[in-house]
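Subject: Structure for your files

Hello,

Here is the structure I said I would pass on. My notes on it follow below.

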Amino acid sequence: MALLNAVVLQSKEVKGGRNKVRISVAHNGETRYIVTDIILNSSKEFKNGAVVKRPDATILNVKIRGLLQRYQLALDELDYIEGLTCPELLFQLKNAGNYKHRTLKSIYEEYMENAHIKPGTADKYRNNWRVISHHLGEKLLAEHVNHGTILGLDKYLRNRGLKLTTVRNYLVFFMVLLNYAKRCGYVQYRVNPFFGYKLPGMEVRESWISVEEVRRIRDLKTTKPNIKKCRDLFMLSYYLGGINMTDLLDIDFNLQKNVIHYVRKKTEARSKLNKFVEFSIPDEAKAIIAKYKGPDGRLAVTRYQRKDGMHCFFDTNMKKLAALTDIKGLIYYSARKSFSQHAFDLGISTSVIDYILGHRVDKGSTSLYNYISVTPEMATEAVRKVLDNLK
């Protein structure tokens, strides 16, 4: 049996030593809390489940009783609660009777809380929401979103001077929120707000460079330490089959001395084939690894050893490297794009290239993958062929 009570937690003080009234939900040996918008100046203004020593105590107590009654009614309407965990019961109570007239903000917050989203993607979604809510406001109801809302948001984003790919990303995120609201039954549209709207096209990053330009980077002579590191790490990515930086930083080269084996993070949760990448580490890569490998076996190249610091490192130094080598459009990602292009130019099978790059390959894409599989030996031979082409 679940028990509901109004409480104040002294350990959860807000700014200025104030306290929020919470509704505690005790169920199956656990207690969770629903935060209310009632804020007291201190915990002394709350005693035995009621607000005291305030001129508006009567009004606030009526509000608290109303909340308790609302959640109790929702509790009574649930057919079977013993099989629910306390967090699951809390979710049911918070959303009971709240399936209509939902604001976009509440839908966004619920989606972010319940969906399985990777940390990096979650950060992008938060930024997307800040921009969208700045234009639409946080009180707009989902049911009031229409085709004009979409057109207005598109115009607002374009007027900010954003790239078309960025505009597309914002609108795709907005579409995700509306689809989530529809699936949950929070809103129904007689006409889909996105009906007749064409998303901006994806901009293809033509960032690959020629074999001669890769040689130019490899052979660059410089006395500047950061440029050397940038050059070496760019070439290391190329030598290791265009490996992404986020995967490269996580590899323990104390354990993987001769053979690299990793699961690409971007596709690890979705891949059905090509679940891992494996091939022999070429000598060109071993020399760079030995130069920058730390005691823990991972690359130690900057003071900011996490990925955000590495992004800053490359954002700054790739531009300098591009200027020194006179290569236009050079970015760190060019190593990956160039490796795949050069492999393709050499006639290497696309299935082998997919394997080396760690691309997601579903069986539904072609029946051929029901019968064949790429081996690490095939990948090793392909990588060697691409690197020999640099000589």
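The protein chain has 14 helices and seven strands; helices (H or I, at least four residues) and strands (E, at least two) are DSSP runs, numbered from the N terminus. This is a predicted model, in which local features need pLDDT of at least 70 and side-chain atom pairs count only at pLDDT 80 or more, while totals for chains, interfaces and linings use all residues. Residues are numbered from 1 along each chain as its sequence is written, and side-chain values use heavy atoms, with hydrogens and water left out.

Of the 391 residues in the protein chain, 42% are buried. Buried means under 20% relative accessible area, exposed over 50%, and partly exposed in between (1.4 Å probe, protein chains only). The accessible surface of the chain is about 22,300 Å², and carbon and sulfur atoms hold 52% of that; the areas come from the Shrake-Rupley method with a 1.4 Å probe, and for residues only the protein chains shown count as cover. Among contacts (heavy atoms within 4.5 Å) with a separation of 6 or more, 62% join residues 24 or more positions apart.

The largest nonpolar core has 55 residues, and L236, Y238, L240, F314, L330 and I356 touch the most other members. Such a core is a set of buried Ala, Val, Leu, Ile, Met, Phe, Trp, Tyr and Cys residues joined through side-chain atoms within 4.5 Å. Helix α8 supplies its largest share, eight residues. Apart from this core lies another, of 31 residues, including A142, V167, L177 and Y189. Back in the 55-residue core, L240 touches L248, F253, I260, F279, I281, P282 and A285, not counting residues up to four places away in sequence.

Helix α8 (residues 225–239) also packs on helix α12 (residues 334–345), at an angle of about 35° and with the axes 8 Å apart. Axes here are lines fitted to C-alpha atoms, for helices over the stretch in contact, and angles run from 0 to 180 degrees between N-to-C directions. The crossing is right-handed, that is, the near helix is turned clockwise from the far one by less than a right angle. F234, S237 and Y238 of α8 meet S334, A335, S338, F339 and H342 of α12. These residues divide into four nonpolar, four polar and no charged; Ala, Val, Leu, Ile, Met, Phe, Trp, Tyr, Cys and Pro count as nonpolar, Asp, Glu, Lys and Arg as charged, and the others, Gly among them, as polar.

V383 lies in helix α14 (residues 376–388) and is buried, at 2% relative accessibility. Leaving aside neighbours within four places in sequence, V383 is in contact with Y239, F279, P282, F339 and I356. V383 and A343 are 40 residues apart in sequence, with their C-alpha atoms 8.0 Å apart.

Two loops are worth a note on backbone angles. Most residues other than glycine have a negative phi. K53, in the loop between β5 and α1, has a positive phi near 60° and is exposed, with a relative accessible area of 74%. D326, in the loop between α11 (307–325) and α12, has a positive phi of about 55° and is exposed at 62%.

V52 is found in the loop between β5 (50–51) and α1 (57–77) and is partly exposed, at 24%. V52 touches K44, E45, F46, K47 and A57, not counting residues up to four places away in sequence.

Regards
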